[in-house]
Amino acid sequence: MDPSTREQVELMKPRKGAFILLIPVIMVIFVFVAYTAMFGLGLYGRPADGRRVDLAWKACPEAKAVVKHRVEGMGLGDPVYTDLDGGFRVTVTLPSDPEVAADIPRTLATPGVLRAHPVNDPGRTVLTNEHVTSAAIRQDLTLIPWTVLTLNTAGLAALDAFVQEDREGRLVYTIDGLPVGSVSNLKGTTPEVELTPEGRDDRDRMHKAAARSIVLDSGPVPCPMDRIAE
């Protein structure tokens with residue numbers, strides 16, 4: 001082998017420490033895979049490949065549009081809607097995970113009334129559903145799930161006014177009167193509000209973050225929904 005060929009072979013050999021340079025790439029791949037797995041578990045537990053069920057409610061006609069939005073957000077398979085006297089029915093395919101499947105009727109019928117109030121003034125309302133344009137689930141690189149609310153112009157103005165009024169204040173966010181997170185005014189004013197759910201483990205927190213994002217993204221149910229046993 002002539003010297004030039006030998007030199008080319010040497011250049012192609014992996015150098016000591018080259019594996020260390022691959023660690024960031026491996027970590028990115030690992031996080032992506034874990035993110036995808038956890039996101040799927042949080043939203044559905046498993047794909048909607050479980051049993052086919054009928055869910056029916058006594059409700060106003062306007063409630064059906066909210067339920068449709070939530071069904072789409074959950075990815076329930078092949079929904080079929082039927083109008084009933086004083087209500088409606090939806091036939092869907094549930095996820096095969098029994099724990100997640102059991103929670104779906106409640107999530108579909110959750111009133112979904114959002115309210116944010118100062119921690120030291122529970123009677124004051126700063127933000128409501130009317131200030132939210134959309135809601136989504138998000139994870140950071142440590143796989144911590146967030147329910148992210150995007151505020152409209154009026155919501156951003158209301159939040160900014162409260163931040164300017166009390167720099168060390170804090171807003172408590174509730175859904176149907178139950179606390180779902182709080183944000184310090186020290187974070188400043190941004191159009192996105194990130195709420196981290198409580199939970200017994202990562203999977204439970206992911207499921208709660210996903211369910212809340214689906215409920216808030218659809219807006220509140222415009223009337224009470226009473227389940228009809230079929």
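Here is a short chat about a sheet and a loop.

Modeller: Keep in mind that this is a predicted model, where local features need pLDDT of at least 70, side-chain atom pairs count only at pLDDT 80 or more, and totals for chains, interfaces and linings use all residues. Residues are numbered from 1 along each chain as its sequence is written, and side-chain values use heavy atoms, with hydrogens and water left out.

Colleague: Which strands stand at the edges of the open sheet of four strands?

Modeller: Strands here are DSSP runs of E, at least two residues, numbered from the N terminus (helices are H or I runs of at least four). Two of them pair if DSSP finds at least two bridges between them. The sheet is antiparallel, in the order β5-β4-β8-β9. Each end strand has a single partner, so one side is left without a neighbour in the sheet, and those strands are β5 and β9.

Colleague: Is G199 buried, exposed or partly exposed?

Modeller: G199 is in the loop between β10 and α6. Buried means under 20% relative accessible area and exposed over 50%, with partly exposed in between (1.4 Å probe, protein chains only). G199 has 30% relative accessibility, so the label is partly exposed.
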